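Please look over the structure below. The report that follows takes it one part at a time.

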Amino acid sequence: MPVSHPSDRLKSEIAAEIATRGPIPFARFMELCLYHPTLGYYTRGIGGGGGRDYVTSSGIHRAFGALLARQVEEMWRRGGRPDIFQFVEFGPGEGRFAADFMREATRSPAFAAALRYVLVEASPALQERQRSRLKGRTSIPVSWADEAGLDARAQFTGCLFANEVLDAFPVHRVVGTPEGPREIHVAVRDGEFLETPLPLSGPALERFLAESAIALEPGQEADINLAAPCWIAWTVGLLQRGHVVVVDYGYEAEDLYVPERRRGTLLAYHLHRTHEDFLERPGEQDLTAHLDFTALRRAAESRGARCLGLTTQARFLLALGALDFLPDPSVADGEGAREGIDPVEAIRDREALKELVLPGRMGDRFRVLVLGVGDVPRDLAGLSRPWARGEETAATAPLSPPRRSPAEEREN
Ligand SMILES: C[S@@+](CC[C@H](N)C(=O)[O-])C[C@H]1O[C@@H](n2cnc3c(N)ncnc32)[C@H](O)[C@@H]1O
C-alpha cells in the first residue's frame, strides 16, 4: 500500500479536528502546519536545509554570527566580566549562526571561558543537524534546553537571542467589517479548507486590539501575533541581568496596521516563491508575518526591561564592523589567484555580505531590537553610529518604513 505524503496526513488530521470542534482560528491552523509534533513544517526541518524555501542571514554570510559575537562580548566585558555568561539562541535552525558566533568568540579567551552556549530547539530533526554541525568544533560548553529547562535555570546573567523566530509564531487573522472586527477561521467544505470570518476567538485578542487601538476598515486584514509579546515577557523574566536581542522583519504598530496593507503581512513561502494561498500544502510551506515591535516593547517594559534601541540590521552590523569582512579588492581583480584564493569565490562572498547590509535588501527590511534587564551597559556598539558625522547615508537615514507590498518586501 503506498504511504501517503506527510502533507496529506496533516490535512486529514486538521480536517478531523475541525469536524470535532467546528471551524478553528487561523492561528490554530498555522500552529498545526508549522509545529504539529510529527508532521509540522518546522518539526520536520524541511524548509531551511539547503535553502529549499528560505535563506536567513545566518546562512548568507558568516559575518552575521561573528558580528553578533562581537556585540555580546561587549555586553559581557562592560557588564563586569561575569564568570559565567549564558548565551541562549532560540530556534537555531541549521546551527550556522552558532558555529560562526563561537568561532569569533574564541578570539577573546576570557570571554570564551565564561561563555555557555545554549540552543533552544523543539525539532528533533533540526537538533540532530545542529549537533553534527557543532560537534568537535568548539571548546565552548554547548547544551540544548527546552523552555522548562530555562525556567529551571532562571534567573541568570547573559543574553537571549532570536533571529527570524518570532515571525514564525502562529498569528490570529482579523478582518474589519461594518459590524466590527471578525477573526478568520478555517472550515472544511467538500473536503477542502476554506476561510470563514467569525467572532473573535478569545478575550486576549480583544484586549490586544483595544490596547493597540487597532481600527480596521471593512475588508482590511491584520495578523495579530499574541504569542510574541508573551514570549518577550517570559524571556525578560528569565534574566537577572542581561540583554534580549531580536532580529526580524516588522514595524512599529503605526506603520503596520495601515489600510495600505489590506491583506496584512502574512506570506506563504514555497521553493523561494511567496504567495497568499495560506491553506495550501499544510506542513509543506513556510508561513510568516511581520512583527509588531511596539507590542514587543510594551510587553518587555511591562516586565521591567528597558528598550535600548530598535535599529536596522544594516546600521547594527555596520556599527559592529561589517566592512571588516569585505574581501581584499585585489583578490577579486585576479591578483589573489596567485595566492590560491578563488576570485569568483571572493566576489560571491562580497555579494553575500552586501545582501546582509544593503538598503532594499536585508539591510533595512530586518530590524534589531535590543532590550536591557537590570544594571547593564546601554550604549552598545551595535546601537552607535560611528560613521554619522553630519551627513546621512542611505544606511544611516532615520527609520522610515518603505510602503511596499509585503510580497515586494520579501522578494527583493
Ligand atoms: C526561519 S527559522 C530561523 C532559523 C535560524 N534562527 C536562522 O537564523 O537560520 C525559525 C525557527 O524558529 C523555531 N521556533 C519557532 N518557535 C520557537 C520557539 N518558541 N522557541 C524556539 N524556537 C522556535 C522554528 O522551529 C524554526 O527552527
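## A buried helix

In helix 2, the buried residues are Phe 26, Ala 27, Phe 29, Met 30, Leu 32, Cys 33 and Leu 34. Buried means under 20% relative accessible area, exposed over 50%, and partly exposed in between, with a 1.4 Å probe and protein chains only. Helix 2 covers residues 26–35, and seven of its ten residues are buried, so the rest of the structure largely encloses it.

This is a predicted model, in which local features need pLDDT of at least 70 and side-chain atom pairs count only at pLDDT 80 or more, while totals for chains, interfaces and linings use all residues. Residues are numbered from 1 along each chain as its sequence is written, and side-chain values use heavy atoms, leaving out hydrogens and water.

## The whole protein

The protein has 18 helices and 16 strands. Both are DSSP runs numbered from the N terminus: helices are H or I with at least four residues, strands are E with at least two. Of the 412 residues, 55% are buried.

The accessible surface is about 18,000 Å², and carbon and sulfur atoms hold 51% of it. Such areas come from the Shrake-Rupley method with a 1.4 Å probe; for residues, only the protein chains shown count as cover. Contact means heavy atoms within 4.5 Å. Among contacts with a separation of 6 or more, 76% join residues 24 or more positions apart.

Where does Val 171 sit? It is in the loop between strand 5 (156–163) and strand 6 (172–175). Val 171 has a relative accessible area of 1%, so it is buried.

Leaving aside neighbours within four places in sequence, Val 171 contacts Phe 26, Ala 27 and Met 30, among others. Its partners also include Asp 223, Ile 224 and Leu 266. The C-alpha atoms of Val 171 and Phe 29 are 9.5 Å apart, though 142 residues separate the two along the chain.

## Two helix pairs

Two packed helices are described by the angle between their axes and the distance between the axes. The axes of helix 5 (residues 63–78) and helix 6 (residues 96–105) come within 7 Å and cross at roughly 50°. That makes the two helices oblique to each other. Angles under 35 degrees count as roughly parallel, over 145 as roughly antiparallel, 65 to 115 as roughly perpendicular, and the rest as oblique. The axes are lines fitted to C-alpha atoms, for helices over the stretch in contact, with angles from 0 to 180 degrees between N-to-C directions. Ala, Val, Leu, Ile, Met, Phe, Trp, Tyr, Cys and Pro count as nonpolar, Asp, Glu, Lys and Arg as charged, and the others, Gly among them, as polar.

Helix 11 (residues 227–238) and helix 13 (residues 293–302) have axes that come within 8 Å and cross at roughly 35°. Helix 11 supplies Ala 228, Pro 229, Ile 232, Ala 233 and Val 236, and helix 13 supplies Ala 295, Leu 296, Ala 299 and Ala 300. This contact has nine nonpolar residues, no polar and no charged.

## Backbone details

A cis peptide bond joins Ala 154 and Gln 155, with omega about -5°. Gln 155 lies in the loop between helix 9 (147–153) and strand 5.

Asp 190 is not a glycine, yet its phi is positive, about 50°. Asp 190 is in the loop between strand 7 (182–189) and strand 8 (192–198). Its relative accessibility is 74%, so Asp 190 counts as exposed.
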